Amino acid sequence: MAPDDPYWMSIAAGLANTLTVALVAVPLATLLGVGLGLLRLSSQPLASRAAALVIAPLRNTPVLLQLFVWYGLLLRLPDARQAWTPLPSVLLSNRGLALPALHGWLPYALAAAGAVLLGWRLRHRLGRAAPWAALAATTLAWALLPGVTIDLPVKRGLGLQGGWQPSIEFAALVIGLVVFHAAYIADIVRAAVRAVPVGLVEAGQAMALTPWGVLRHVVAPYAARVALPPYANQCLALVKNSTLAIAISYQELMAVINTAITQTGLALEGITLAVAVYLGLALALGGALSAWNARHARHGPGDSHGARLGERPALRLLAREGRGISGRLGAALTVLLLAAAGWALLDWALLRAVWSGSPATCAAAAGACWAAVGENLPLLLFGAMAPADRAPALVACAALLAGVAVALGVGRLAARPRLAWIALMVAVTAAALGGWPWGGSAIGPLRWGGLLVTLILAIAALLAALPLAFGLALLRRVGSPGGSPAAAG
């Protein structure tokens, strides 16, 4: 892009970057999530627990924090002159990833898609000759289209030349979105499989289907229908979370629009354009998935009563309860992988960590820098709050956490004692922020910071969202012409 190019070209380039991220990240997150979900369902306890240990921190930490972590890790890679070569003609450095590039592939992809569509449309007229007609059309296109060239990346001078070289920011954004949403997709896969009725599985077994046949023809179709709505939500969330790329300086659509707003001052127009584009993307993706779901679920889900697979852990598919050579080999490999990962984490977090010293000492260290964490711990906990306000804020945070814990079922209290405890914790929080019993001045919202403001905003947002979600759900069930579309919008 040149400085004198019109703004629409910059916005189009930002939209192309957003679509590229989505097209790369969604399939990778799906594959990784399905793999982790199947590992969680494994009959090998070590494999299942290892997958749980991977999923828990990814699911319970903010995606923005994970983007910063991946970006920082990728920046620590070797420079371009010492780029790693994990595969032939694949170079990895702190400037990004360099891959072989295919030039002239798009006409072939369009020709292949057209041949498949032609064979599908003519399958009833041509019968068995339809695949041969599609093959003939593909061969003709192959003969008429220009050749495809491969551009390989090479080290040259102080950098890399040739190939496809996505930036380090692109790589960090894709990795962060993939691993974050894969953790949620894994739970969706696990829950969907556990929701399959046992009666359907037993019916498939009674028809002499092999375990693989039961998985393919019974478990997978039913689980796919159950998993599709939450999976669609994850795809939409991934596209929307790509806007966080502005934090690592990747020029996707929102970053470009934000730059245009800064230069032109047309904030309302820029925000309206961003809302329209993201709404269009969400409606297109959600509509496609809804159409697929409606097409494949028109005959009903079958047996929807009785026990589920999650309620019958003794019923195993393709499992030998860890017996035999294959079971012992899988357990041994799982132990080795866990030991290797645990040793790497221990080496980084403890053995090579820096516990005290200057920033230069941390920069030269090969492990974690806990000195920086200890130095900035008051800032992380309290933000810019004055030292005199930190003790009441800490009491308020402890009371809020205790109230949330009891509300979520910790202690297994009855309804009335639970409500009384929550009310007591709310009173302690209000007293701490109001200056009692220390006799200090009240700590108003403008003086909140750190963990306190995070807890208050999260709790307030959840309490406000529940009745709103309940009302919208009721509107979606209204039979009048205006109620359901209004709630959907």
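## A look at helix α17 and its neighbours

Helix α17 has 27 residues and spans 38 Å from its first C-alpha to its last, close to the 39 Å expected at 1.5 Å a residue. Please keep in mind that this is a predicted model.

Let us start with what lies around this helix. Leu452, Leu455 and Ile456 of α17 are buried, and the cover over the buried residues of α17 includes α14, α15 and α16. Here are the residue ranges of these helices.

| Helix | Residues |
|---|---|
| α14 | 370–382 |
| α15 | 387–407 |
| α16 | 415–434 |
| α17 | 450–476 |

How do α15 and α17 pack, and at what angle? The two helices meet at about 35°, and their axes are 9 Å apart. The crossing in which α15 passes α17 is left-handed. On the α15 side, the contact is made by Ala393, Ala396, Cys397, Leu400, Leu401 and Val404; α17 brings Leu451, Leu452, Leu455, Ile456 and Ile459. Sorted by class, this contact has 11 nonpolar residues, with no polar and no charged ones.

Now for a stop elsewhere in the model. Asn241 lies in helix α9, which covers residues 211–241. Is Asn241 buried or exposed? Its relative accessibility is 19%, and buried means under 20%, so Asn241 counts as buried. Leaving aside residues up to four places away in sequence, Asn241 touches Val63, Leu177, Phe180 and His181.

How values were computed. Residues numbered from 1 in each chain as written. Predicted model: local features only at pLDDT ≥ 70, side-chain atom pairs only at ≥ 80, totals over all residues. Heavy atoms only, no water. Axes fitted to C-alpha atoms, helices over the stretch in contact; angles between N-to-C directions. Helix = DSSP H or I, 4+ residues; strand = E, 2+ residues; numbered from the N terminus. Left-handed = near helix turned anticlockwise from the far one by under 90°. Contact = heavy atoms within 4.5 Å. Nonpolar A, V, L, I, M, F, W, Y, C, P; charged D, E, K, R; others polar. Expected span 1.5 Å × (residues − 1). Buried < 20%, exposed > 50% of the residue type's maximum accessible area, 1.4 Å probe, protein only.
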